[in-house]
Amino acid sequence: MSPSADQIATRCCIAGGGPAGMMLGYLLARAGVDVVILEKHADFLRDFRGDTIHPSTLEVLHELGLLDEFLKRPHQQLQRLVAQIDDFSVTIGDLSHLPTRCKFVAFMPQWDFLNFLVEAGRKFKTFRVIMNAEATDFIEVGGAVGGLRATGQNGALEIRADLVVAADGRHSILRERAGLEVQVLGAPIDVLWMRLSRNPATDPAQTLGRFRAGRFMVMLNREDYWQCAFVIPKGALEPLRARGLEAFRADIVTVAPFLADRVAELKSWDDIKLLSVAVDRLREWYRPGLLCIGDAAHAMSPIGGVGINLAIQDAVATANILSPGLERGPVSIDLLRAVQQRRMFPTRATQRMQILAQDRIVSPAIQSGAAPIRKLPFALGLLNRFPILRRIPARVIGMGFRPEHVRISRPSAS
Ligand SMILES: Cc1cc2nc3c(=O)[nH]c(=O)nc-3n(C[C@H](O)[C@H](O)[C@H](O)COP(=O)(O)OP(=O)(O)OC[C@H]3O[C@@H](n4cnc5c(N)ncnc54)[C@H](O)[C@@H]3O)c2cc1C
């Protein structure tokens, strides 16, 4: 133990204040478990975050009594998932039939969602978030993980904990330190992330995906601007830059012609961020004293916009399984294994779906340089012909496989 480090003792220390870490922190604190969440950034205002809160996550918020408050925050609601493919519109999913309280995806910038969870968590005296605190390594106690070392705003931090949860995202330093084996499933795409202003009077409302002439862009309506995700083949940024910014602006206009009067807002390549996409998962999500959840256990592709939902579902399952024991002290390896067993099927099934979509639809379309309607995969054509089929993708995207429900009630004293 370093004599100069600030020392903290808690039941559970969570590394990472993303959707997985923040929701788990909230749920444990609500169950009366003392929890400390470390977030390496000073705030949540980063651009690489998804914005989608799915019906099953909204159901969890309802079960927690948070839904009404959440829906008062600025957001957009989307019931039909529509893609524009050349001049044809395809409704990929219709959420109006889901057996959930909210039959829509709520679009809210992720920093607003995370701030909402932090504010809700602060009502519990067992909830503590330390911003600007980066977990760097484990404290080992008798061959098990017994806490975390971190670098905080005022220097070194040591947090002793009965359980450490790695929720530090797809570049998780903790899963690497723990030597957990990663199965890389591959992602043939990357994403260029940028903003362009929105003209509410003339621009279309929300259309999620736009394919045209071999270009594919997802556009999120943030009222006064569009958050755009332009999908490129992996490693294609350098050739794109070599073609010049003007050619890239023309690519954007090809896929969304109404942006022609605004593409000049992209003044240099500094206005365009590369987000590298990864799809992988751990063979084992745990070792004694440590559990990985969310992208740290299984990095998700942006396809389907389901990664946040899966991260939240992991958090709910973890709290359901672990919080009764964790209130009293360390949890057994069997319980950590039980979390993985519960969540492995939805992870595998979701990643399989994403890999199918990226390898069979998105990647061939952007590699071939054209996505004419006659080449549309058979399944998309069926969705237009038989609208009832739209309920299947709606269920997979809106609720995911094996949706979780909050099983732990709040102790009456808190
Ligand atoms: C380009 C792109 C777009 C996406 N769009 C969507 C979308 O629209 N909808 C959707 O559902 N999913 C989307 N995803 C997937 C989604 O972002 C992830 O699946 C989801 O954010 C996982 O949540 P998480 O909490 O596990 O990890 P993260 O959201 O990555 O959160 C991890 C947190 O840990 C912090 N952290 C990292 N290291 C440390 C450390 N050492 N110490 C302390 N803190 C640390 C990070 O700052 C971060 O706040 C997208 C992914 C990509 C790549």
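Predicted model: local features only at pLDDT ≥ 70, side-chain atom pairs only at ≥ 80, totals over all residues.
I started at the ligand: one of its oxygen atoms sits 2.6 Å from an N or O atom in the side chain of E39. I call N or O pairs within 3.5 Å polar contacts; within protein, one atom must be able to donate a hydrogen and the other to accept it, and residues adjacent in sequence count only if both atoms are side-chain atoms.

Residues are numbered from 1 along each chain as its sequence is written, and side-chain values use heavy atoms, with hydrogens and water left out.

A polar backbone atom of A135 is 2.9 Å from a nitrogen atom of the ligand, and a backbone N or O atom of G307 lies 3.1 Å from a ligand oxygen. The ligand taken alone exposes 1,000 Å², and the protein buries 95% of that (Shrake-Rupley areas with a 1.4 Å probe; for residues, only the protein chains shown count as cover).

Which residues come nearest to the ligand? I got E39, R49, T52, D295 and I308, out of 32 around it (a heavy atom within 4 Å counts as near). I sorted the shell into 13 nonpolar, 10 polar and nine charged residues. Here Ala, Val, Leu, Ile, Met, Phe, Trp, Tyr, Cys and Pro are nonpolar, Asp, Glu, Lys and Arg are charged, and the others, Gly among them, are polar.

By element, α1 (19-30), β9 (134-141) and α8 (307-326) each give the shell at least two residues. The largest share, three residues, is from α8. My helices (H or I, at least four residues) and strands (E, at least two) are DSSP runs numbered from the N terminus.

**Helix α8**

I checked its length next. The 20 residues of α8 should span 28 Å at 1.5 Å a residue, and the end C-alpha atoms are 26 Å apart, which agrees; the expected span is 1.5 Å times one less than the number of residues. I found a kink of about 35° at N320, shortly before the proline P324 (the angle between axes fitted to the seven residues ending there and the seven starting there).

Is α8 enclosed or open? In α8, 18 of the 20 residues are buried, so the rest of the structure largely encloses this helix. Buried means under 20% relative accessible area, exposed over 50%, and partly exposed in between (1.4 Å probe, protein chains only).

**Helix α2**

I ran the burial check on α2 (residues 55-63): seven of its nine residues are buried, so it too is largely enclosed by the rest of the structure. Among the buried ones are P55, T57 and E59. G65 follows α2 and has a positive phi, near 75°.

**Buried glutamines**

Q76 is in strand β4 (residues 76-78) and is buried at 16% relative accessible area. Its side chain makes a 2.8 Å polar contact with the side chain of E223. Q351, in helix α9 (residues 333-368), is buried at 0%. The side chains of Q351 and R281 are joined by a polar contact of 2.8 Å.

Most residues other than glycine have a negative phi. I noted A213 with a positive phi near 45°, in the loop between β14 (209-212) and β15 (215-222). R402, not a glycine, has a positive phi of about 55° and lies in the segment after α11. A213 is partly exposed at 28%, and R402 is partly exposed at 32%.
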